[in-house]
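Here is my note on the model, point by point. Please read it with the structure open.

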Amino acid sequence: MDLALLYSGGKDSTLAALLLDSFYDVTLVTARFGVTEDWMHARDAADRLGYAFDAVELDREVAEEAAARMVEDGYPRNGIQRVHEHALERVAELDVVAVADGTRRDDRVPTVSRAQAQSLEDRHDVDYLAPLSGFGRRAVDRLVDATLDVESGPSEEISKGDYEGELRALIADEHGQETVSNVFPDHDQTYVRGLK
């Protein structure tokens with residue numbers, strides 16, 4: 001059974017792939033706007049892990065709308081949520097029986113409600129899976145520490161193939177780097193170098 005997993009190259013989406021691997025033919029899929037070449041970091045991580053990889057193009061208008069919303073709000077949550085929902089829609093259009101992501105139980109963003117999951121499934125005739133939805137951050141970190149070689153650090157220093165890099169670039173081009181720093185709180189990101 002073919003499954004497309006939204007993939008950034010980070011620990012959560014990688015752990016989700018490992019959990020689903022016993023049941024599905026997993027393809028790691030990075031959604032991109034074409035603003036940067038960050039998607040290649042996800043492709044490289046997928047290659048090192050031995051997974052099939054694909055990239056899907058997202059609508060540039062969604063990125064611009066999300067970036068504008070972030071600047072207006074002064075924080076990234078609503079913009080990231082909008083992009084994630086768009087990415088799930090695009091991945092659900094692929095020829096697969098299931099789509100998945102690496103969202104955890106305690107994620108504040110992105111999230112997928114039960115109603116959103118059912119709507120996605122009904123409209124695209126796919127199963128939506130969130131294999132980490134029962135895992136908190138501490139549980140994920142323990143599993144990651146035992147299985148993955150991970151680089152971690154400040155978000156602006158860790159290159160990976162998630163939405164944030166492209167949204168940061170859009171905001172910086174339009175409003176300057178100071179606005180990026182004001183919108184995005186300091187936080188760490190991870191990038192998977194391989195299995196331990």
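1. Start with Asp 12. At 16% relative accessibility, Asp 12 counts as buried, because the cut-off for buried is under 20%. Keep in mind throughout that this is a predicted model.

2. Asp 12 lies in helix H1, which covers residues 11–20. What does the side chain of Asp 12 join in a polar contact? The partner is the side chain of Arg 104, at 2.9 Å. Setting aside residues up to four places away in sequence, Asp 12 touches Gly 102, Arg 104, Leu 132 and Val 140.

3. Two packed helices are described by the angle between their axes and the distance between the axes. H1 packs with helix H6 (residues 137–147) at an angle of about 75°, and their axes are 10 Å apart. The two helices, H1 and H6, are therefore roughly perpendicular to each other.

4. Which residues meet where H1 packs with H6? From H1 come Lys 11, Asp 12, Leu 15 and Leu 18. From H6 come Val 140, Asp 141, Leu 143, Val 144 and Thr 147.

5. Next, the aromatics. The structure holds one aromatic pair. The rings are those of Trp 39 and Phe 53, with centres 6.3 Å apart and planes at 15°, so the pair is stacked. Trp 39 lies in helix H2 (residues 39–49) and Phe 53 in strand E3 (residues 52–57), so the pair ties together parts that are 14 residues apart in sequence.

6. Are the two residues of this pair buried or exposed? Trp 39 counts as buried, at 17% relative accessibility. Phe 53 is partly exposed, with a relative accessible area of 24%.

7. Another ring has a charged neighbour. Arg 168 lies over the face of Phe 184, at 4.6 Å from the ring centre.

8. Two backbone details deserve a look. Most residues other than glycine have a negative phi, and most peptide bonds are trans. The peptide bond from Val 109 to Pro 110 is cis, with omega near -10°. Pro 110 is found in the loop between strand E4 (98–100) and helix H5 (114–124).

9. The second detail is Asp 125. Its phi is near 55°, a positive value in a residue other than glycine. Asp 125 lies in the loop between H5 and strand E5 (127–129). At 69% relative accessibility, Asp 125 counts as exposed, whereas Asp 12 counts as buried.

Technical notes
Residues are numbered from 1 along each chain as its sequence is written. This is a predicted model: local features need pLDDT of at least 70, side-chain atom pairs count only at pLDDT 80 or more; totals for chains, interfaces and linings use all residues. Side-chain values use heavy atoms; hydrogens and water are left out. Helices (H or I, at least four residues) and strands (E, at least two) are DSSP runs, numbered from the N terminus. Buried means under 20% relative accessible area, exposed over 50%, partly exposed in between (1.4 Å probe, protein chains only). A polar contact is a pair of N or O atoms within 3.5 Å; within protein, one must be able to donate a hydrogen and the other to accept it, and residues adjacent in sequence count only if both atoms are side-chain atoms. Contact means heavy atoms within 4.5 Å. Rings of Phe, Tyr and Trp (its six-membered ring) pair if their centres lie within 6.5 Å; planes under 30 degrees apart count as stacked, over 60 as edge-to-face and the rest as tilted. A charge sits over a ring if NZ of Lys or CZ of Arg is within 6 Å of the ring centre and within 35 degrees of the ring normal. Axes are lines fitted to C-alpha atoms, for helices over the stretch in contact, and angles run from 0 to 180 degrees between N-to-C directions. Angles under 35 degrees count as roughly parallel, over 145 as roughly antiparallel, 65 to 115 as roughly perpendicular and the rest as oblique.
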